Amino acid sequence: MAEKKQTAKKPSLKQVGLSEQGLMDLYTNLLKTRLLDERLRKLFRQGRYAGTYFSAVGQEATTVGPTYGLRDEDIIAPSHREIGASVTKGVPLDVIIGQVYARRNSPDKGKSHPCHYGYRARGVITPASTLAGQTIVGTGCAMGFKILKKDNVVVAFFGEGSTSRGGWHEALNYAGIHKLPIVYICQNNLWAESVPATLQAGIRDFADRAKAYGFPGVTIDGNDVVLMHRTAAEAIERARKGKGPTLIECKTYRWYGHSEIDPADYRQAEELENWKKKDPVLRAEKFMMDLGILTTPKREALVEQIDQEIDAAVQVCEKEKYVEPEEAYNDVYSEDFPVWRDEY
Amino acid sequence: MKKVTYIEAITQALYEEMERDEKVFLIGQDIGLYGGVFKATKGLMDRFGAERVIDAPISEVYIAGGSVGAALVGLKPVAEIQFADFITPSMDQIIQQMAKMRYRTGGSWTCPMTIRVCCGGEVGGGLYHSQINEQWFFSQPGLIVVLPSTPYDAKGLLKSAIRGNDPVIYFEHKRLYRSVKEEIPDEDFTVPIGKAAIRKEGKDITLVAYGLMCQKTMEAIETLEKDGISCEFIDMRTLRPWDRETILESVKKTSRAVLVQENSKTGGVMAEVSATITEEVFDYLDAPISRVCGLDVPMLPFAPPMEHFFLPNAEKIVRVVKKVMEY
């Protein structure tokens, strides 16, 4: 596929491949991701939880678009900036916030660092912080689906920086050999922490890497949620039918630092301002308003409704306790092997 | 009862577990068409097909990490790392994914799986076909680490590993593949993980070893017993979680201990065993604990005289035991 830098043409529902309600749901997930992300940033600044926070504001379309429409048993293999995938997969908001707060209601019971979202019931694998880790493990899930003859798929998310790691290449190489049911989403946000994409690879379009592995690679506008969804949905369908993987590179941008402790002063203010003009949420809104599906009052009502949902979920987490410290001894092994406990 | 070699016992375990549970599959380099570089997987591709006996590309990262993923969706992967020397690229996946999956997900995701690792010296393998590297995995919470020394244990521990609920690094010693043979039951059996085997009871001194060093220790014991030293010998079999109770009880009885390890001394398994004996039963000791280990140099220099010089053997063990007895 030589297709590159597509942009959505004149809006029509047919082109989107979604019903009016479907498009509304897609947008709602996008908006919810934005509002939740901004709230979590604020709560960090207010000192409501420990560690740090990895904001995905600016690049929400890259996770919401591909995740929308997946089945519960389909696997999400995320990195740490995929809050949109959890929201769209239907992970309850108090579970997402509980993970960031490291409280008892977090699926990992407070063992993992903030933004390492996981939720078994919706197929979201809690990531390790070692980059490309979930690309490799996710490829293994796809291998498993193929061996089990299931028609489930895996969607693996990573940044352009992760594609420099050796294991990333081993995984894509293997997926190409066996035509595994996986879609690789490369969120090229131009910066791997502070290292620009130009120092990450000698190519401009990271989708070109797919050529080496014998499956299609496409580069698209990652701030167009409709295009993100449509492109990913086609690739997912292809994967489900046993036709193998696709690498989708989405050009996007994170508005804030790598995490909340990073002022991102390695970037030019102008670069940020230009990307803010391409805000994926505003673009989706314009698209929907042009279609006549969304109006300003409808949008305001939706914002209010989501804010209330977030308020309620934050309240739950504020009241939730941490686990007892002795919980540290659990989940090392199955119950077959209790760990040794020294007393001091 | 039939006499089988250590490697035949491994092949049998794989065959029987694949017959028993269709979720078990194998992945590794040269394991399919070729049947493994040492023939441990001989005939398995013919019987179970290329979907369950997968010839992997030269990708140790993927072999380990991909197996973790397959385990997450319900399969029981048995991966093979052809030589322990080549396991280093897999370390990221073994340590960060396999060992920590249960922990970092609060138990919501688990990856029961086995990685078979062919290891060990005294085969003329030189620097890159002789390593064991068990100490790296031994020090990693979340992993089970085993290293059998007999065909019976090789089969029984591999079955326990495959049937278990935890990730296991299953070391198999290539020097033992065809040099040990014993009768094992025809019927299905397993060997429990986490339990050492008292190979010989005695009252004067406790000797502890695992893997190839069990043979060397037994050889030394023959000489020592002739000289009137009654030796108790424990084969650890499982390195993590190691059987503290069996070893500590034995040392309480004999009051002396010599620990034998093929790998280099510093930071090795026996350093931990030694420290634990000192912490827990110091009052029972009549002499300092001694270790007989491989040299503290890269394992294993190639030229035969250097290889021999590196490795612990019966003579070295006898000398150290006598010194401890004379203390």
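Colleague: What makes helix α7(B) largely enclosed by the rest of the structure?

Modeller: In this predicted model, a residue counts as buried if 20 or more other C-beta atoms lie within 10 Å of its own, and twelve of the 13 residues of α7(B) are buried, so the helix is largely enclosed by the rest of the structure. The buried residues include Pro151(B), Tyr152(B) and Asp153(B) towards one end of the list and Ser160(B), Ala161(B) and Ile162(B) towards the other, with Lys155(B) and Lys159(B) also among them.

Colleague: How do you know that the span of α7(B) agrees with what a helix of 13 residues should have?

Modeller: The expected span is 1.5 Å times one less than the number of residues, which for residues 151–163 of chain B comes to 18 Å, and because the end C-alpha atoms are 18 Å apart, the two values agree.

Colleague: Turning to chain A, what is its secondary structure, and why is the chain called as compact as a globular protein of its length?

Modeller: Chain A comes to eleven helices and eight strands. Its radius of gyration is 20 Å, close to the 20 Å that the globule rule gives for 344 residues, and therefore chain A is as compact as a globular protein of that length. Along the principal axes, the C-alpha atoms of chain A fill a box of roughly 65 × 50 × 40 Å, and 50% of the 344 residues count as buried. Among contacts in chain A between residues at least 6 apart in sequence, 76% join residues at least 24 apart.

Colleague: Why is Ala207(A) called buried, and where in chain A does Ala207(A) lie?

Modeller: Ala207(A) lies in the loop between β6 (195–196) and β7 (217–221) of chain A. The cut-off for a buried residue is 20 or more other C-beta atoms within 10 Å, and Ala207(A) has 24, so Ala207(A) is buried. With neighbours within four places in sequence left aside, Ala207(A) is in contact with Gly217(A), Val218(A), Thr219(A), Leu247(A) and Glu249(A). The C-alpha atom of Ala207(A) is also separated by 9.6 Å from that of Glu160(A), although these two residues are 47 residues apart along the chain.

Colleague: What makes up the contact between the chains, and which element of chain A gives the most to the side that touches chain B?

Modeller: The contact takes 36 residues from chain A and 36 residues from chain B. On the side of chain A that touches chain B, α6 (133–147) and α7 (166–178) each supply at least two residues, and α6(A) gives the most, with eleven residues. By class, that side of chain A has 16 nonpolar, 13 polar and seven charged residues.

Conventions: Residues numbered from 1 in each chain as written. Chains lettered and ligands numbered in written order. Predicted model: local features only at pLDDT ≥ 70, side-chain atom pairs only at ≥ 80, totals over all residues. Helix = DSSP H or I, 4+ residues; strand = E, 2+ residues; numbered from the N terminus. Rg over C-alpha atoms; globule rule 2.2 N^0.38 Å. Contact = placed C-beta atoms within 7 Å. Nonpolar A, V, L, I, M, F, W, Y, C, P; charged D, E, K, R; others polar.
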